[in-house]
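Hello,

Here is the structure we talked about handing over. Please have a look, then read the notes below.

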Amino acid sequence: MIESQSGSKSTNLSDTRFYKKQRRIALRLCGIIDPEQIDEYIGYDGYEALGRALTEMKPCDVIDILKKSGLRGRGGAGFPTGLKWEFAAKAAGEQKYVCCNADEGDPGAFMDRSILEGDPHSVIEAMTIAAYAIGADQGYIYVRAEYPLAVKRLEIAIGKAKEYGLLGENIFDSGFNFNLEIRLGAGAFVCGEETALMTSIEGNRGEPRPRPPFPAVKGLFKSPTVLNNVETYANIPQIIKNGPEWFASMGTETSKGTKVFALGGNVTNVGLVEVPMGTTLREIVDEIGGGVPGGKKFKAAQTGGPSGGCIPSKHFDVPIDYEQLAAIGSMMGSGGLIVMDEDSCMVDIAKYFLGFTVEESCGKCNPCRIGTKRLCEMLEKITSGKGEDDDIEKLESLCRHIMSSSLCALGQTAPNPVISTLTFFKDEYIAHIKDKKCPAGVCKDLLSYTINEKCIGCTICAKNCPADAITGAVKTMHKIDQSKCIKCNVCFEKCKFGAIDKG
Amino acid sequence: MADSTIAFKGTKEQEAKLMEAIELHRSQPGPLMPVLQAAQDIYGYMPREVLEIISRQMQMSLSDIYGIVTFYSQFHLEPKGKHKIHICLGTACYVKGAGKILERFEKELGIKDGECTPDGNFSIDALRCVGACGLAPVMSVNDDVYGKVTEDQVPEILAKYKA
């Protein structure tokens, strides 16, 4: 018997509110099997898809299945996977490579880590299928160094697959060979960009390079390369096994199958949620996530990490897919979904993301290196109460320049958090600039603390004030000396009577 | 590159280990990253002396290697504290108040993000998402992970490592 937080009881996990609307394909075996036991994966039809591909299909048949399935890249950009494989298969070159992007750098996304830790063989199987389809014999999985457990489980899984003859020479007696190696990242967000990732594997600074040529033509070590994200790969064995029609029956017109979201932030149920494309944000946040806890008001859902945007509740009934999210100024990204309540300041959130991009910009192209820095400085100015009337216009114009002239997706999408918050929460920008107020009470320089008539003179605020800014006799209303107040928020937290106002 | 203010204390054993790693990776395509990662594991940081060994052995210029080392945030030119405090500033942690946890650690230890205490005991580094967003705000000291941390827990956590 499972009792949910709302008190309802179910006998089956899939009947609970959290799981009811989920459809688990990429996460199919996460938490179900022991990821260190290859036999458990095989027991759930693991490596059956690879066996069928190698013994019953020609490489072009595999590509056809993927094209028909409508699978698109789950790393964020949504490029059709079958098409990508076809380009690499047709590209001229003796040596070809298959790579897996496991450099999950978007803050707030952890589905790739969970798949690698919970079901590593599904990724290995899919990469081997990809290698067969394009004619590669060597693969690399590029994993963030922040994920040591994922690396350990992958190492065990690769070792076991070799032992069972599922990696290495003459797999399934088909004469097909494939070897797989792990390469570790070293903490650079831009390495999630495909050309930067390959440059990093080659042993250089992970800087992107202009495309074309696309990696499918000239990628790793200048050879044709297929690079897909972990979640994309995790879908592939199921597509081969169950057929493209099965996969294409889920989702929307343009986006098929399911998508995993990492639900986090100020929401009751946090965790990985895999739902068919076309599910609405309301279903994810309110039904699966159980809404915002603590009686607070929902403000925005942030998707797409530093490249995405903040979506307000008025767009809650939009069916989520690649196109719809882009239409409302956000993006799919890798699937981080952070819920923010009334206590989050949208200007501060935009500044937070720009701070991230400033640090992570590789510095190769000027619009991104200098533009994001300037953008961040302007937001800093606004949040510190020095905003001027034409700042919003300046922000918008700089955003447009950065988007249109940056070399790679990092720079091209870096202004998104600013643009989306400007679109949906312009009133907060105006409050910061004109009224010198932070409505959410986050931006310290714009806050002032005062004591209201609810004060009973208990003295707890005065005792705890580190700046000795609060005075008043016992049982009389206290007062805060604004010149001494350091806005540390201690009085607000300690007061049991709601007698401290901030704003 | 500026020389470190901290004297290099590498041992013969460490150097032998580094040479072993260089030999292991030398013939692979793209050998530099695995070699640098091994070097950081062996020495805990990347002082000039170590980069010079790699430069000689791999026949690459020191400036090229320096450019690569400083590009990636996980390579350090200066040593870190005996106890490494990492505070996740990913989005989920940030909206749940990780910024305040970081401030509190900075205040308690009297150092800023990225710095090390003068006695070499503690260093603080903010991280960009460790992928444990369900436990937000998350932080770790060495290999111990702490989830759903509150500001008030900070002194308790520090006390465990001060002894």
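Which are the buried residues of α5(A)? They are Thr81(A), Gly82(A), Lys84(A), Trp85(A), Glu86(A), Ala88(A) and Ala89(A). Buried means that 20 or more other C-beta atoms, placed from the backbone, lie within 10 Å of the residue's own. Helix α5 spans residues 81–90 of chain A and is mostly covered, with seven of its ten residues buried. The cover includes α4 (59–69), α7, β7 and α10 of chain A.

Some ground rules. This is a predicted model: local features need pLDDT of at least 70, side-chain atom pairs count only at pLDDT 80 or more, and totals for chains, interfaces and linings use all residues. Residues are numbered from 1 along each chain as its sequence is written, while chains are lettered from A and ligands numbered from 1 in the order in which they are written. Helices (H or I, at least four residues) and strands (E, at least two) are DSSP runs, numbered from the N terminus.

Now the sheet. Five strands of chain A form an open, mixed sheet, ordered β5-β6-β4-β3-β7. Strands pair if DSSP finds at least two bridges between them. β5 (168–171) and β7 (225–229) of chain A are at the edges with a single partner strand each, so one side of each has no neighbour in the sheet. Parallel strands β3 (residues 97–102) and β4 (residues 138–143) of chain A are joined by six bridges. There, Ala102(A) is opposite Val143(A).

Helix α7 (residues 120–134) of chain A touches β3, β4, β5, β6 (176–184) and β7 of chain A. Helix α10 (residues 230–242) of chain A touches β3 and β7 of chain A. Contact means C-beta atoms, placed from the backbone, within 7 Å.

Best wishes

Terms used: Two residues are in contact if their C-beta atoms, placed from the backbone, lie within 7 Å. Axes are lines fitted to C-alpha atoms, for helices over the stretch in contact, and angles run from 0 to 180 degrees between N-to-C directions. A residue is buried if 20 or more other C-beta atoms lie within 10 Å of its own, exposed if 12 or fewer, and partly exposed in between; C-beta atoms are placed from the backbone.
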